[in-house]
Amino acid sequence: MLDTRVPAVVLRIDRNPFHHGTLGAVRSLGRAGVDVHVVADCAGSPVARSRFVRRLHAPPSPDASADEVLAVLRRVAAQVGRPAVLVPMDDATAIAAARLREALTGSYLLPVMPSALPERVADKAGLAAVCASVGVPHPRTEVPDTPARAAEEALRLGLPVVAKWSRPWLLPAGSGLRSTQVLHTAREARELHARTAEAGSPLLLQAYLPPGTGRDWFFHGYADRTGTVRAGGPGRKHLSWPRGAGLTAVGRWTPNSEVIALAERITGELGYRGIFDLDFRRCGATGRYHLLDFNPRPGAQFRLFADSAGLDVVRALHADLTGRPLPDGDPVTGRAFVVENYAPLAALRPAPGGRELAWWAGDDRAPGLAMWALWARHVSGRLRRRLGAAAEVPAQRPAPRAVTPSLTTDNEKASS
């Protein structure tokens with residue numbers, strides 16, 4: 001399927017050691033015989049244990065400029081020694097790669113599309129305008145310019161309301177700011193907006209679409225050089241982490257012609273090329289699917305959509321950019337994907353439709369074993385911090401109950 005003479009460089013700035021999508025890309029390409037170089041902070045990460053990693057390279061810093069990213073990629077290219085397919089795994093690197101495509105020509109193979117397009121669709125505020133221009137449903141969105149206006153817009157949209165930072169890849173590490181959260185009061189909206197300078201991008205507020213059974217969907221795909229959507233498919237989110245508004249912990253490949261049509265419409269209208277990951281939520285009142293996020297890179301659970309020919313979106317990228325034909329496989333509907341540290345019970349249940357685990361694999365066991373050791377330390381560390389914080393808060397003694405004179409007199413009379 002793939003031209004094994006052409007290596008791949010998997011790039012990620014985000015320092016999350018539990019990013020299983022990176023491991024998925026390494027395994028997918030490595031199993032096909034491609035030399036895989038990983039440019040990411042894998043210190044202590046299970047990804048570093050994979051037998052399919054050809055070499056690890058130091059990544060740019062999380063706040064690296066475009067020039068710094070370019071310098072790192074040029075250094076890696078010199079060490080690889082031949083042109084390679086570049087596979088960005090987070091929004092920041094996908095945006096940088098598109099901007100730097102001409103400068104990287106000769107060292108890396110990348111899809112050809114407008115250089116600003118990945119940034120345009122990844123920006124949460126810009127996505128609302130994109131959806132309006134192509135006729136794809138999107139929750140009503142407001143971008144208040146002051147804390148007071150944020151409180152007003154929250155009330156106008158109707159509480160609860162969803163708050164998102166427009167460019168979440170700019171959020172500083174350790175700030176405690178979350179890319180997305182649900183606000184229940186106007187005061188919360190006002191206080192969150194006051195941290196705009198710290199966040200590095202505008203705060204937007206969206207109408208809240210309540211979750212429910214069968215309402216959360218995603219689509220992973222690859223738009224080839226002609227714009228045709230290949231590989232991937234629609235999936236239904238059965239369990240998220242954190243529950244209700246997080247990443248997919250359990251997902252299943254489920255037919256959905258409406259989601260497919262929306263994905264093809266937006267990528268076709270925009271002239272998008274390359275891998276993409278879309279998140280949808282179906283409105284319980286209207287039944288319409290609203291596009292919540294457009295990620296211009298592989299989703300962490302992309303391996304769910306490995307078809308009967310073994311094609312997934314990462315393999316499709318490599319094959320298309322190296323001039324190989326993409327095989328026509330059949331969808332493996334009913335197949336499940338489980339992130340076992342977030343959904344351990346689901347990983348143990350029978351899976352008659354087939355299943356892939358995020359970490360464990362029989363032909364690459366070391367990352368799965370390393371993940372459990374790292375996860376145990378992560379959970380115990382969080383527990384110790386919570387217990388320590390609770391111990392620092394002095395216990396409050398309950399205030400004595402006031403006793404009314406009349407009641408005391410009545411009781412004394414009764415006892416006598």
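Select residues 20-31, helix H1. At 1.5 Å a residue, its twelve residues should span 16 Å, and the end C-alpha atoms are 16 Å apart, which agrees. Keep in mind that this is a predicted model.

Stay on H1 and colour by burial. How many of its twelve residues are buried? Eleven are, so the helix is mostly covered. Among the buried residues are His20, Leu23, Val26, Arg27 and Leu29. Gly21, Gly24 and Gly30 are on the buried list too. Now step just past the end of H1. Glycine 33 takes a positive phi of about 95° there.

**Zoom out**

Show the whole protein chain. It holds 14 helices and 16 strands. Its C-alpha atoms fill a box of roughly 100 × 45 × 45 Å along the principal axes. Of the 416 residues, 51% count as buried. The accessible surface is about 19,600 Å², and carbon and sulfur atoms own 52% of that. Look at contacts with a separation of 6 or more: residues 24 or more positions apart account for 65% of them.

**The five-stranded sheet**

Next, select the open sheet of five strands. Its order is S3-S2-S1-S4-S5, and the pairing is parallel. Which strands stand at the edges? They are S3 (53-57) and S5 (108-109). Each has a single partner strand, so one side of each is left without a neighbour in the sheet.

Pick S2, residues 36-39. S2 pairs with S3 in the parallel sense over four bridges.

H11 lies across S1 (8-11), S4 (84-88) and S5. Its direction runs at about 145° to S4.

**Aromatic rings**

Show the aromatic side chains. The whole structure has ten aromatic pairs. Start with phenylalanine 218 and phenylalanine 305. Their centres are 5.9 Å apart, with 70° between the planes, and the pair is edge-to-face. This pair links distant parts of the chain, 87 residues apart. Phenylalanine 218 sits in strand S10 (residues 216-223). Phenylalanine 305 sits in the loop between strand S14 (289-295) and H11.

Move to tyrosine 272 and phenylalanine 276. The ring centres are 6.0 Å apart and the planes stand at 85°, so this pair is edge-to-face. Tyrosine 272 and phenylalanine 276 are both buried.

Then select Phe18, Trp241, Tyr342 and Trp375 together. Ring pairs link these four into a cluster.

What kind of peptide bond joins tryptophan 241 and proline 242? The bond is cis, with omega about -10°. Proline 242 belongs to the loop between strand S11 (229-241) and strand S12 (247-253).

Go back along S11 to alanine 231. Alanine 231 has a positive phi of about 60°, although it is not a glycine.

For the last stop, select leucine 159 and proline 160. A cis peptide bond joins them, with omega about -5°. Proline 160 is in the loop between helix H7 (147-157) and strand S7 (161-165).

How values were computed: Residues numbered from 1 in each chain as written. Predicted model: local features only at pLDDT ≥ 70, side-chain atom pairs only at ≥ 80, totals over all residues. Heavy atoms only, no water. Pairing = 2+ DSSP bridges. Helix = DSSP H or I, 4+ residues; strand = E, 2+ residues; numbered from the N terminus. Contact = heavy atoms within 4.5 Å. Axes fitted to C-alpha atoms, helices over the stretch in contact; angles between N-to-C directions. Phe/Tyr/Trp six-rings, centres within 6.5 Å; stacked < 30°, edge-to-face > 60°. Buried < 20%, exposed > 50% of the residue type's maximum accessible area, 1.4 Å probe, protein only. Expected span 1.5 Å × (residues − 1). Areas by Shrake-Rupley, 256 points an atom, 1.4 Å probe, with all protein chains shown as cover.
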